[in-house]
Amino acid sequence: MKLRYPPTSPYVRKVSITAIETGLDSRIERIPTNPWDPATDLADDNPIGKVPALITDGGEVLFDSPVICEFLDGLHDGYPLIPPTGGARWTALRRQALADGILDASVLIFVETNRRPEAIRWESWIERQTAVVERSLDVLEEGVASFGHISIELIAIGCALGYLDFRLGDLDWRRTRPNLAEWFRIVSERRSMQETVPADPA
Ligand SMILES: N[C@@H](CCC(=O)N[C@@H](CS)C(=O)NCC(=O)O)C(=O)O
């Protein structure tokens, strides 16, 4: 399998953590890809022009991160990261969607404040996305007591919190969320989290 891969994308991080947790990491070849490079050929694999994109051994291209993670979860016979049926499945997928929503809003904030020229920055858009992040974090803080075994939603939540630390440190998300902060401290010690900490290329 081949993974279109920049080291800073939190969505790619979800896939990398899933690959490590399922023991599949050594089967994935990384293809360095910068989706923001005007010359990138990423669209040849993913017409949406986004990473992650996974090229399977059969040559099919899978995107986006929930689809790739579910595909990987079907390739191992350990404990499933995505419950196959029942209420637990919907809780996992709902929480993954919540974490991905935090990521979507956070990436929009980052793009607005770092890539758009300051003169045409849209402040009320930034405020709207910030409110999304704050509300969703409050929901996670309320639910943290029910977080269990490592699973897709906890991987997604870990990636969302890691991205906030990486790109939106001024948000200071821990200030009013001590339980979530403590959970993140503990989950950050996992090998899969440590080996995928985002860093800007030198
Ligand atoms: N919903 C997608 C989001 C992927 C995404 O937004 N990736 C960003 C990188 S962090 C990207 O490729 N952006 C390029 C663009 O928007 O043109 C997923 O879960 O994979």
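This is a predicted model: local features need pLDDT of at least 70, side-chain atom pairs count only at pLDDT 80 or more; totals for chains, interfaces and linings use all residues.
The lining of the largest cavity comprises six nonpolar, three polar and one charged residues, where Ala, Val, Leu, Ile, Met, Phe, Trp, Tyr, Cys and Pro count as nonpolar, Asp, Glu, Lys and Arg as charged, and the others, Gly among them, as polar. Residues are numbered from 1 along each chain as its sequence is written, and side-chain values use heavy atoms, with hydrogens and water left out.

To return to the cavity: its lining consists of Pro-7, Thr-8, Ser-9, Pro-10, Arg-13, Cys-159, Gly-162, Tyr-163, Phe-166 and Pro-198. Helix 6 gives the most to this lining, with four residues, and helix 1 and helix 6 each supply at least two. Helices here are DSSP runs (H or I, at least four residues), numbered from the N terminus. The largest cavity holds about 40 Å³ of space, and a search of the whole structure finds one cavity of 30 Å³ or more. A cavity, on a 1 Å grid over the protein atoms alone, is a set of points where a 1.4 Å probe fits but cannot get out; a pocket is an open set with protein on both sides within 12 Å along at least five of seven lines; lining residues have an atom within 4 Å of a point. Grid points are joined across faces, edges and corners, and a volume is the space filled by probe spheres set on the points.

I turn now to the pockets. The largest has a volume of about 850 Å³. Its lining numbers 30 residues, with Ser-9, Tyr-11, Trp-36, Val-51 and Val-107 nearest the centre. Which helix gives the most to this lining? Helix 4 does, with six residues. By class, the lining of the largest pocket has 17 nonpolar, seven polar and six charged residues.

The second largest pocket contains about 200 Å³ of space. Of its 16 lining residues, Tyr-79, Pro-83, His-149, Ser-151 and Glu-153 lie nearest the centre. Helix 4 again gives the most, with four residues.

Next, the helix packing. Helix 4 (residues 86–114) and helix 6 (residues 152–167) pack at an angle of about 15°, their axes 8 Å apart. Axes are lines fitted to C-alpha atoms, for helices over the stretch in contact, and angles run from 0 to 180 degrees between N-to-C directions. Helix 4 and helix 6 are therefore roughly parallel, a label for angles under 35 degrees, with over 145 counted as roughly antiparallel, 65 to 115 as roughly perpendicular and the rest as oblique. The contact (heavy atoms within 4.5 Å) includes Ala-92, Ala-99 and Val-107 of helix 4 and Ala-156, Cys-159 and Tyr-163 of helix 6. The residues of this contact divide into 13 nonpolar, two polar and four charged.

How do helix 6 and helix 7 (residues 178–187) cross, and at what angle? Their axes come within 11 Å and cross at roughly 100°, which makes helix 6 roughly perpendicular to helix 7. Leu-154, Ile-157, Gly-158, Leu-161, Gly-162 and Asp-165 of helix 6 meet Leu-180, Trp-183 and Phe-184 of helix 7. This contact comprises six nonpolar, two polar and one charged residues.
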